[in-house]
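Let's walk through this structure together, one neighbourhood at a time. Please keep the viewer open as you read.

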Amino acid sequence: MKLIKQLIVCPIFFFTLSACDSHMRVSGKVVDENGAPVEGAKVWLIFVNWVSDSVTDKNGEFFNARTHGGSQNVSLLVSKEGKQLYYESLDSDKSKVNKTIVLIKGKQDILNTPDHKP
């Protein structure tokens with residue numbers, strides 16, 4: 001009976017560990033056009049019907065974690081009053097992403113992406 005329990009528990013334990021490896025962690029820094037940290041910027045990591053949000057600290061740093069793996073589209077959205085809205089699609093196959101995001105002074109109804117600078 002003890003062996004049966006071990007045979008059942010061990011695969012579950014290793015499956016749980018492998019599922020943990022599929023987590024996505026997004027961290028980084030938000031700066032302005034002059035390279036100064038932007039404190040209080042809202043940072044969202046969005047995929048399917050799940051959102052992780054955080055706010056940058058006094059050094060402009062943030063951290064978001066996605067708890068499920070997979071190849072779903074993952075988006076990063078950054079907002080700060082007086083700055084253009086920043087949007088980027090991320091490679092969801094990566095387990096760790098570290099970004100430096102430059103927020104440009106302007107209205108939030110203007111979208112700034114890595115491929116298009118307004």
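Is E88 buried or exposed? E88 is buried, with a relative accessible area of 12%, where buried means under 20% relative accessible area, exposed over 50%, and partly exposed in between (1.4 Å probe, protein chains only).

Before going further, a word on the ground rules. This is a predicted model, in which local features need pLDDT of at least 70 and side-chain atom pairs count only at pLDDT 80 or more, while totals for chains, interfaces and linings use all residues. Residues are numbered from 1 along each chain as its sequence is written, and side-chain values use heavy atoms, leaving out hydrogens and water.

Back to E88, whose side chain meets that of K99 in a salt bridge at 2.8 Å, N to O. The term stands for a side-chain nitrogen of Lys or Arg within 4 Å of a carboxyl oxygen of Asp or Glu. This pair links distant parts of the chain: E88 sits in strand β6 and K99 in strand β7, eleven residues apart. Strands (E, at least two residues) and helices (H or I, at least four) are DSSP runs, numbered from the N terminus. K99 counts as buried too, at 19% relative accessibility.

By this rule, the salt bridges come to two. In the other, the side chains of K83 and E33 meet at 4.0 Å, N to O. Here the partners lie in loops, K83 between β5 and β6 and E33 between β1 and β2, 50 residues apart. K83 is buried, at 14% relative accessible area, whereas E33 is partly exposed, at 43%.

Now for the nonpolar side chains. In soluble globular proteins, such side chains tend to be buried together. A nonpolar core is a set of buried Ala, Val, Leu, Ile, Met, Phe, Trp, Tyr and Cys residues joined through side-chain atoms within 4.5 Å. The largest one in this model has 17 residues, and V26, V30, L76, V78, L90, I101 and L103 have the most contacts inside it. Two or more residues come from each of β1 (24–31), β2 (42–47), β5 (74–79), β6 (85–90) and β7 (96–102).

Finally, look at V51 in strand β3 (residues 50–55). V51 is partly exposed, with a relative accessible area of 46%. Leaving aside residues up to four places away in sequence, V51 touches W44, L45 and I46. V51 and V74 are 23 residues apart in sequence and 9.8 Å apart in space, C-alpha to C-alpha.

Methods
Contact = heavy atoms within 4.5 Å.
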